[in-house]
Amino acid sequence: MLNCIRALCNADTEVGFKIGKDVSLPETYVRSVENPLKNIGGNPPSQRPILAFFAGGLHGYVRPMLIKLWENKEPDMKISGPLPHVRGNKNYIELMKSSRFCICARGHEVNSPRVVEAIFHECVPVIISDNFIPPLFEVLNWESFAVFIKEKHIAYLRDVLVSISEERYLEMHKRVKMVQEHFLWHHEPVKYDLFHMLLHSIWYNRVFYTS
């Protein structure tokens, strides 16, 4: 185990994930086996009235803090616990498609399916998870299309987001759309999709890892 390359969803440097050896796996929901690309995409920037969106279970220590500080505090920030169940999760998906920034706050573990879901729906991910190593970090410049906020700075969440200029946001949104192809699953693997990118990460770490 000390020498093998581990592919982990919980890519947490605090619990043994080794940068340069291990591979960070994205957590993804395949909502339709028949059509894995169902509901992919989102509204254009001009049709995203919500500044920031989060809805989900309040497990872990970060999410309760997020709710306490930001639920019902600003009209353009939709921050809440779990949404009422709707078939196909349509309310959740529509909120993602209508938001500029999607909050990806850690729960019990550092990773969250929201990271990939945000990319699916062309919403700029805002990652609040201090020890998380994002997937495909070997080849993707995450800071060009995502926002990273330290857990202790949740109180400054809105300040950080409104400080991002319109020009910068549009560039990040464009880059989210560019990287989207690398996070997609298909019935048969397609060049540069997630299947190939994960194999590339394993190959990359196998070739360049030095103990």
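**Notes on the fold**

1. Serine 80 is in contact (heavy atoms within 4.5 Å) with Phe54, Ala55, Gly56, Ile67 and Glu71, leaving aside its neighbours within four places in sequence. Serine 80 is placed in strand 4; strands (E, at least two residues) and helices (H or I, at least four) are DSSP runs numbered from the N terminus. Its relative accessible area is 19%, so serine 80 counts as buried (under 20%; exposed is over 50%, partly exposed in between; 1.4 Å probe, protein chains only).

2. This is a predicted model, in which local features need pLDDT of at least 70 and side-chain atom pairs count only at pLDDT 80 or more, while totals for chains, interfaces and linings use all residues. Residues are numbered from 1 along each chain as its sequence is written, and side-chain values use heavy atoms, without hydrogens and water.

3. An open sheet is formed by five strands in the order 4-3-5-6-7, with parallel pairing (at least two DSSP bridges between two strands). Its edges are strand 4 (77-80) and strand 7 (147-148), each pairing on one side only.

4. Strand 6 (residues 124-128) runs parallel to strand 7 and is joined to it by two bridges. Valine 126 stands opposite valine 147 of strand 7.
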